[in-house]
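Please look over the sequence and the structure before reading on.

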Amino acid sequence: MSTINGAGNSNLSYLDQLKSMQDKKVEQEKDVTGKNQLKQDDFLSLLTKQLAQQDPFKPVGNDQMIAQMASFATVDGINKMNEQFGSLNSAMTSNQALQASSLVGQDVLIPNATAMRSSEGEMSGMARLSNSVDNAILRVETAQGELVKTVSLGAKPAGEHAFTWDGKDDDGNVMPEGMYKFSVSGNVKGESQNFEVLTHANVNSVLLGNNNSQVMLNLAGFDKPVQLADVLQIGKATQKG
């Protein structure tokens, strides 16, 4: 290890020398061990070198020594705290995944206008109206964009309103299984306006946290998982008037 110059042999402060030594050590250890941090032992070794190389006519003062030792303890404490936070984060993620496992097989409401029809019967969702409308219109389309059915929901005030689709087209034919897209619109001040639509999806499985430590849900009909935090409701609510 390179030595640190004494106070009488360099214009650099101790902290500047320490930073220079750390930068050199990082570059060396990246090639050899892949390490990119100095440990407390390294700091103590540097301090010993400094004491050995110091100018005997200008020794390090007690207050400076205490400040340096406190810095060593602080750095070591921060490193240990980071490790503890990492362990706590992993534990919390595992606990969230365990709790989320109870959602498997249940329906959840998510901010997505597309939903999977997997069996005969009704499909439901929710529309968020930012304004009141005289007549809200629900449109159901296939994944290819073909219009299947148009439903009049009637006059609705601003707010959240559940809706259902009976699974049939305008001619009364039962539609097959597959992905369907829902849209809700209405006239606001003489202009047609589209509103946010939320749909229900069935939970197939739960994924442990990814790089961001987020619990993800695999939903029926969806290629990509969604975050547990995106779930707005568990189960299907009764329809509002």
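A residue counts as buried under 20% relative accessible area, as exposed over 50%, and as partly exposed in between. By this scale E196, with a relative accessible area of 37%, is partly exposed. The model discussed here is predicted.

**The salt bridges of R128**

- R128 forms a salt bridge with E160, and the closest N and O atoms of this pair are 2.9 Å apart.
- Because E160 belongs to strand β6 (residues 159-165) and R128 to strand β3 (residues 123-129), this pair ties together parts that are 32 residues apart in sequence.
- E160 has a relative accessible area of 34% and is therefore partly exposed.
- R128 is likewise partly exposed, since its relative accessible area is 30%.
- R128 also forms a salt bridge with E196, where the closest N and O atoms are 3.6 Å apart.
- E196 lies in strand β8 (residues 191-207) while R128 lies in strand β3, so the pair ties together parts that are 68 residues apart in sequence.

**The salt bridge between D166 and K149**

- D166 and K149 form a salt bridge in which the closest N and O atoms are 2.9 Å apart.
- The relative accessibility of D166 is 34%, so D166 counts as partly exposed.
- K149 counts as buried because its relative accessibility is 15%, a value under the 20% cut-off.

- S185 is located in strand β7.
- Is S185 buried or exposed? With a relative accessibility of 6%, S185 counts as buried, because buried means under 20%.
- The side chains of S185 and R139 are joined by a polar contact of 2.9 Å.
- Apart from neighbours within four places in sequence, S185 is in contact with N135, A136, I137 and R139, as well as with S192, Q193, N194 and F195.

Conventions:
Residues are numbered from 1 along each chain as its sequence is written. This is a predicted model: local features need pLDDT of at least 70, side-chain atom pairs count only at pLDDT 80 or more; totals for chains, interfaces and linings use all residues. Side-chain values use heavy atoms; hydrogens and water are left out. A salt bridge is a side-chain nitrogen of Lys or Arg within 4 Å of a carboxyl oxygen of Asp or Glu. Helices (H or I, at least four residues) and strands (E, at least two) are DSSP runs, numbered from the N terminus. Buried means under 20% relative accessible area, exposed over 50%, partly exposed in between (1.4 Å probe, protein chains only). A polar contact is a pair of N or O atoms within 3.5 Å; within protein, one must be able to donate a hydrogen and the other to accept it, and residues adjacent in sequence count only if both atoms are side-chain atoms. Contact means heavy atoms within 4.5 Å.
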